[in-house]
Amino acid sequence: MSTSPDQTYLARTFDDDRYAWARGRRVRRRAVLAEAALLAALVAVTVAAATTSAGWTTSFFVVWTVGMLGFIPLHSVLNLGIRGVFDRDGRSLDEHQQRLRDRSFVAVAWPTTALHFSAFTGAVAVVALTGHVALALCLGFLLWFAAGLLAYWHLAWTAPDEPDDA
Amino acid sequence: MHDRIAVLRADRGVSRKELADAVGVHPQTIGYVERGEYSPSLALALRIARFFELPVEAVFSLDPLPSLSQELLRRTS
């Protein structure tokens, strides 16, 4: 497998040296921790809101919106740190990048399946116990979202530092 | 897997990027191969060997490769 001679704009952005600062292990791991903490906090807020009689409130909507907006720059940094190997056209990846991507997919396969299952059961449980359908959908979405992010987190956490003068 | 890519690059005055472009991978992948953190596919190893115009066993080895200076001394002594 070789790199495509016609790199997409997205691939060129991920390979841009202006974002080399995001590829250090420390930055990548901090981005992973920040994303995981943000999602955990949103899950906690959603569960807490579900335990109240009011359920969906304006304050919950504001917290949810701020959290989701905050996710955008965090994930941008994380994705730049791993050169966007999960989001780029496969033809723009070389054999080493494809191996890294496949390794992370395999490593988190079971946790991803467990999170998908918990997303379904969690949402069903919230509806059954509290009757708050909107909050149940929020909880299910967050857990489903986290399942999709596990491979990103694994790669960002475990990828070796790139050679300095590459 | 052991290799002589870094030595050969220095000898030929070739940057990682030039080698990477010639063999169709990203420059950091060449760095990983040089550091022994990634074993290239057979196709990539052959392309690298062809770039240096050397047999693949002169560039890659399963055993530690002797330094080129030692090889030279052995052949001239």
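Predicted model: local features only at pLDDT ≥ 70, side-chain atom pairs only at ≥ 80, totals over all residues.
View 1. A compact globule with 77 residues would have a radius of gyration near 11 Å, and the 12 Å of chain B agrees with that. Along the principal axes, the C-alpha atoms of chain B fill a box of roughly 40 × 25 × 20 Å. Of the 77 residues in chain B, 29% are buried.

**View 2. The secondary structure of chain B.** Here you can pick out six helices and two strands in chain B. Starting at the N terminus, follow the elements of chain B in the order β-α-α-α-α-α-β-α. Take the contacts in chain B with a separation of 6 or more: 54% of them join residues 24 or more positions apart.

**View 3. Where chain B touches chain A.** This contact draws on 14 residues from chain B and eleven residues from chain A. On the side of chain B that touches chain A, helix α3 (residues 27-34) of chain B gives the largest share, with five residues. Sorted by class, that side of chain B has five nonpolar, six polar and three charged residues.

**View 4. Two helices of chain A, α2 and α6.** Helix α2 (residues 25-50) of chain A and helix α6 (residues 133-158) of chain A have axes that come within 10 Å and cross at roughly 165 degrees. Angles over 145 degrees count as roughly antiparallel, so α2(A) is roughly antiparallel to α6(A). The crossing in which α2(A) passes α6(A) is left-handed. Look between α2(A) and α6(A) and you will find a contact of 19 nonpolar, one polar and three charged residues.

Terms used
Residues numbered from 1 in each chain as written. Chains lettered and ligands numbered in written order. Contact = placed C-beta atoms within 7 Å. Helix = DSSP H or I, 4+ residues; strand = E, 2+ residues; numbered from the N terminus. Nonpolar A, V, L, I, M, F, W, Y, C, P; charged D, E, K, R; others polar. Axes fitted to C-alpha atoms, helices over the stretch in contact; angles between N-to-C directions. Parallel < 35°, antiparallel > 145°, perpendicular 65-115°, else oblique. Left-handed = near helix turned anticlockwise from the far one by under 90°. Rg over C-alpha atoms; globule rule 2.2 N^0.38 Å. Buried ≥ 20, exposed ≤ 12 C-beta atoms within 10 Å, placed from the backbone.
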